[in-house]
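Please find below some notes for a colleague who is opening this structure for the first time. The points can be read in order, with the structure kept in view.

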Amino acid sequence: MAGQWLETSGVSIANGSRTLTAASALWLVTANPGNGASLDGGIKFYEIESIDANDQITFRKPFAETSVVGGTVLIDNRGNGYTPAEFTLIDKFNKTLAAQTDVFTISGTPSNTLGADGSIAFDPNARAYYQKISGAWSAAVSLGGADGIDSGFKVSIDRLSTAMADPGNTKMRFNSATFAAITAIAIDDLAADFGNPDVSGWFNTWGASTNAVKGTLILQKVGSVSNYMIFSITAVTDNAGWSQLGVSPVASGGALANNEICTASFIRAGNKGTDGNDGINGINTGIRWQYSSTITMTDPGTGLLRFNNASFASVTSIAISDLCSLASNPDCSAWSLSWDDSSNLAHRGTLTIKKSGAEQNFVQYAITGPSIDQGTWVQLAVTYVASGGSFTNLDQLYCDFDRTGNAGTNGSAGTTLQATSTSTRTPTIGPTQNWAMVAAADFAFGQRVRVVDNGNVTNYAMGLVTSNTGGVLTITVDETGLVPASSSSWTISLAGNTGATGPAGGLGALSAAKGGIPVGDGTTFGVVPVGVDGTTPNADSTKPYGWDWAARDAINAGPYWTSVDVPATVGVTDISAAINPYVRITGSGVNITSFGTGIGRLRFVEFTGTVNLIYNGTSMILPGLANIMTQAGDKGTFVSDGLGNWKCLSWTPISFLPREKLSSNRTYFVRFADGSDSNTGRSNTAGGGFLTIQKALDVVYGTLDLGGFDVTIQVSATAGGGLITSGGSVTSPQVGKGTVTLLGDATTPSNYTISTSGGCIVVSGAGSVLNVRGFKLTSSGGNLLQATFGGRINYGKIEFGATTSQYHMRADNAGGIGLISGDNYSISGSAQGHMILLSYGLVSLPSQTVTITGTPAWGAAFINCQGGQCSLYSMTWSGAATGQRYLNSVNGVINTFGAGTASTYFPGNSNGSNSTGAQQV
């Protein structure tokens, strides 16, 4: 009886009392109300009404036996205990036992050698007793009640048909013989219970819930509950004499055969709850100034900025105070003066200004001229890009700046492929002719050239170069003008090759083999012209005219979203003229108000960047009757009506697309020398690896559920070491447990150098975590590692190179950066500082050695802690640097755990300072 009975010694109860106490017990966790209890081996059981404490129990009835002091209680703790009906039978049994002299507790059938006539044997496991009569034990007498009535109503299963029609009286049938494929059930109005009652009024209420899932239907074979089916009900349709249920399979066991009787029971789902309140707005990015509606270009005043025109679109100059409007008005002039630093002088970067708390009010400008330092303010030269809403005087604004990369170096001078000649010639087809060139040109053997009479352009010769020696060009002429004439003044230039022959023109008859499509030039039959051989034009940038002819089946079997690329254009982006319904809109940063005026067009559209689709109720009808700000990978279906007005039929954001759930660890490869972002990234080959780190990050964080497994993004050694000119950013949390590691060369990090004009690796947002190992990092204008707004970077085996205006590491707005345990790293380049911590940013470094080479210089300080926390667990700094060792302010905390004081411990050649509540521990 192990695991079914609880025996406790040292218990006491008085005759007539309902309270049982113990010297020591754990009844709160070992017993339950409804359990039965007997004292000192007695056969009479008392039902437990409540467990009052670990050492106190209350019975449902008073104790009718002699008082017990320091006795033993035996409790049936098998779970539910006895039912009230069973306790009634036990009470009757107890009274029967009163006249008996011998009572035995047994397990199983009693032995004939046990007891005498009149003895009672009680089996608590079976809840039955035996009585000895004439030397033999009677059959077992059960103390349990009869089985309860089956729940639900009965139906007869029809497995001979899957047709969704009236299954016949008392019948139920399924639309598939396979349980997992069942999506509909036909059920008759009459049940198979006695008298065949009409129960349609009941199961026609099964669709009443406002939830998408209306409830759960349970079918169990009568007499064998291990044979069952369970479905979720999603719809109920009432037909004449029967109903059809829309269902989704949940679980099953055993089998339900034809004509078997089952019970059908239903558990209704609750109604859909009301929507919750909107969440609070996120934290604004950028630096804050206040708006001044004055339009004169003078000092706007502390914390203010102003435009030189009240109309956003007409602004060409901005005056911005050196001091922003953040707490204590810090000086941000070094930042604003850097906005013109790019050597791309026509477009040096994009300035985005948004109203705090109402970001639909914004304006964007390109920095298109030099920034002028006016002493206490900066004057910016700008060109309008886009805007929405408006600003009011003294509005709080946030400014964000995206710098344009520097202009590339000039290419090498091209070869000269044009010359003049004074040779007297009359062009003739066939023979080889010589032209003595006045200025030698680098024409090569086999090139096609054109020789034109400077006095009459219709007098010309064309042919292939057979020799270019000593300034004499020899040409085999194969084409001349209509009336060749003699001339002594010629211009010679490179000519293009003869173009490919196009398809035959003219409209042909309908072709059954081509699906009834007219065969001809097809220009009057819809948007897709058809060639005489049934081919259609397909966009191909490698061909001379930007497209090629191919079989329709070959086009449709190609990659789904590569048929037509349409650049995003401010205002009208015309997708109606595309020759294929599958369209990708490329580019970012524009407002699209129309898709063209084409009539009766259906377009399946994917967006590669962030554009703003502008809603209006006539020509651009969008879901939710509001603008849509797209993200890369968003997809929509659009149709135009007979007036050329467009409506969005469906919209699928990239975040709603299904994710692949990993079943094992995975590696993606990045080959920056020969990969392609059109590849899968799954193999270390030119045809398999990605080209950029960003593509790999987008795939991992945008399409995968890690499911407890790890992902490695390996910058391939097969591609050869070298300079990587683009880093990567993570802006969304990973889905599923596991780690994501960006890996270069952990042995020699400098073999893989990420060198950018902005941030090398940026991780933003709570739940966004990335491990980075085995790289050298440099930048001309950004932080090398940045964790922001709750993002987390774990790094190791990193060489921090130079960044001219920012920091090796930046942690801000609750972002965190940590060193992987066991991984040392090195510093070889100068920066504003090794780390900056802002607004609860956290940097945590365990006990490791950092090697410093080249004596780097700090523009601000090795550690600049402004309201963050820096925890350094016995770090060792090997090498020298110049500049301040630390700046600690705004309640910042620098904790070295006793390894040394900040004034001497950190690399640098001058001490630092603490202010405004900052601490060193």
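1. Strands here are DSSP runs of E with at least two residues, helices are runs of H or I with at least four residues, and both are numbered from the N terminus. Two strands count as paired if DSSP finds at least two bridges between them, and the angles, which run from 0 to 180 degrees, are taken between the N-to-C directions of axes fitted to C-alpha atoms.

2. Strands of a sheet pair through backbone hydrogen bonds, either parallel or antiparallel. Strand β15 (residues 215-221) pairs with strand β16 (residues 224-239) in the antiparallel sense over 7 bridges, and within β16 it is Ile 230 that stands opposite Ile 218. Strand β15 is also joined to β18 by 7 bridges, again running antiparallel, with Thr 216 opposite Ile 267 of β18. Strand β12 (residues 153-158) pairs with β18 as well, in the antiparallel sense over 4 bridges, and there Val 155 faces Cys 262 of β18.

3. How the model should be read. Residues are numbered from 1 along each chain as its sequence is written, and side-chain values use heavy atoms, with hydrogens and water left out. As the model is predicted, local features need pLDDT of at least 70 and side-chain atom pairs count only at pLDDT 80 or more, whereas totals for chains, interfaces and linings use all residues.

4. The chain as a whole. The chain holds 7 helices and 71 strands, and 41% of its 921 residues are buried, where buried means under 20% relative accessible area, exposed means over 50%, and partly exposed lies in between (1.4 Å probe, protein chains only). Among the contacts with a separation of 6 or more, 59% are between residues 24 or more positions apart, a contact being heavy atoms within 4.5 Å. The chain exposes about 42900 Å², of which carbon and sulfur atoms supply 52%; these areas come from the Shrake-Rupley method with a 1.4 Å probe.

5. Salt bridges. Side chains of opposite charge can pair when their charged atoms come close. A salt bridge is counted when a side-chain nitrogen of Lys or Arg is within 4 Å of a carboxyl oxygen of Asp or Glu, and by this rule the count comes to 18. One of them joins Lys 355 and Asp 395 at 3.5 Å, N to O, and this pair links distant parts of the chain, with Lys 355 in strand β22 (residues 349-355) and Asp 395 in the loop between β25 (377-388) and β26 (396-403), 40 residues apart. Lys 355 is partly exposed at 22% relative accessibility, whereas Asp 395 is buried at 12%.

6. Two partners of Arg 584. Arg 584 meets Asp 565 in a salt bridge of 2.9 Å, N to O; Arg 584 lies in strand β39 (residues 582-586) and Asp 565 in strand β37 (residues 564-567), so the pair ties together parts that are 19 residues apart in sequence. Arg 584 also forms a salt bridge with Glu 606, the closest N and O atoms being 3.6 Å apart, and here the link is to strand β41 (residues 602-607), where Glu 606 lies 22 residues from Arg 584. Arg 584 counts as buried at 17% relative accessibility and Glu 606 as buried at 12%, whereas Asp 565 is partly exposed at 44%.

7. Backbone points to check. Most residues other than glycine have a negative phi. Asn 259 is not a glycine, yet has a positive phi of about 70 degrees; Asn 259 lies in the loop between β17 (242-253) and β18 (261-268) and is partly exposed at 47% relative accessibility. Asn 813, also not a glycine, has a positive phi of about 50 degrees; Asn 813 is found in the loop between β59 (807-812) and β60 and is partly exposed, with a relative accessible area of 23%.
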